[in-house]
Amino acid sequence: LILTDVNSLSENKPSDSIKIELTAEGMSKISTAIGSNNFSDYMLRIYFDAQINANATAGVQIPNQAEVKYVNASNIELNKKSDKPYVLTGGINLLKVDAADNSKTLSDAVFEVYRAATAEEVATKDNRLTEIPAVDGKVIKVSFFNNASLEGDKVTSVSSDKNGNVAIYGLAYGKYYLIEVKAPKGYNTLNEAWELKI
């Protein structure tokens, strides 16, 4: 198949689109697979990942609807709109401090965020699967924005700044695990995962 991806932010369009065209070879493979059976007994599934862009506001429902336009075997153009599930995004601000003196903030602590792996990801042995201390089951590292404005590229780790501040944003609502992977100079890393609920 031929895939054409249109990004609304880079091309100043109202919405993103993906155009999928079956090549002659692709149509032949489908025709062979179906044979003389009824076309209505088959389904062509398309999976894609979407990323919340910088226009998203934390805690506010984000419109999330798709429209599929296609041409059938009789050359008739059809379109179908999906339901309207909504997406929410949120985040958290943390402060890294000395355990014995909470007024002493610490810089240069590095953190990563993980989520529980789905049953499907575990069953297919997804190459992102890993384990972290004190958490049962497999987890997957997630990317996020290191600022509340959701600006720039997503990151997979964040450091506490000179005032001890740690910003983690652009996460869908749910449960996550925070791991300290590098401690400030003169300190040890935390030896457990901290649960975050967005």
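View 1. Leucine 1 lies in the segment before strand 1 (2-6); strands (E, at least two residues) and helices (H or I, at least four) are DSSP runs numbered from the N terminus. Leucine 1 is exposed, with a relative accessible area of 63% (exposed, over 50%; buried, under 20%; partly exposed, in between; 1.4 Å probe, protein chains only). Leu1 belongs to a nonpolar patch on the surface that also holds Leu3, Ile18, Ile20, Leu22, Met27, Leu44, Ile46 and Phe48, with about 900 Å² of accessible area together. Patch residues have over 30% relative accessible area and no salt bridge, nonpolar side chains being joined within 5 Å; a salt bridge is a side-chain nitrogen of Lys or Arg within 4 Å of a carboxyl oxygen of Asp or Glu.

The model is predicted: local features need pLDDT of at least 70, side-chain atom pairs count only at pLDDT 80 or more, and totals for chains, interfaces and linings use all residues. Residues are numbered from 1 along each chain as its sequence is written, and side-chain values use heavy atoms, without hydrogens and water.

**View 2. Leucine 94 in strand 5 (residues 89-95).** Leucine 94 is partly exposed, at 23% relative accessible area. Beyond its neighbours within four places in sequence, leucine 94 is in contact (heavy atoms within 4.5 Å) with Gly164, Asn165, Val166, Ile168 and Leu178. Its C-alpha atom is separated by 49 Å from that of leucine 22, 72 residues apart along the chain.

**View 3. Glutamate 121 in helix 3 (residues 119-123).** Glutamate 121 is buried, with a relative accessible area of 12%. Residues up to four places away in sequence aside, glutamate 121 touches Arg115, Asp126, Arg128, Leu129 and Ile140.

Technical notes
Patches are made of residues with over 30% relative accessible area and no salt bridge: like charges are joined within 9 Å, nonpolar side chains (Val, Leu, Ile, Met, Phe, Trp, Tyr) within 5 Å. Accessible areas come from the Shrake-Rupley method with a 1.4 Å probe; for residues, only the protein chains shown count as cover.
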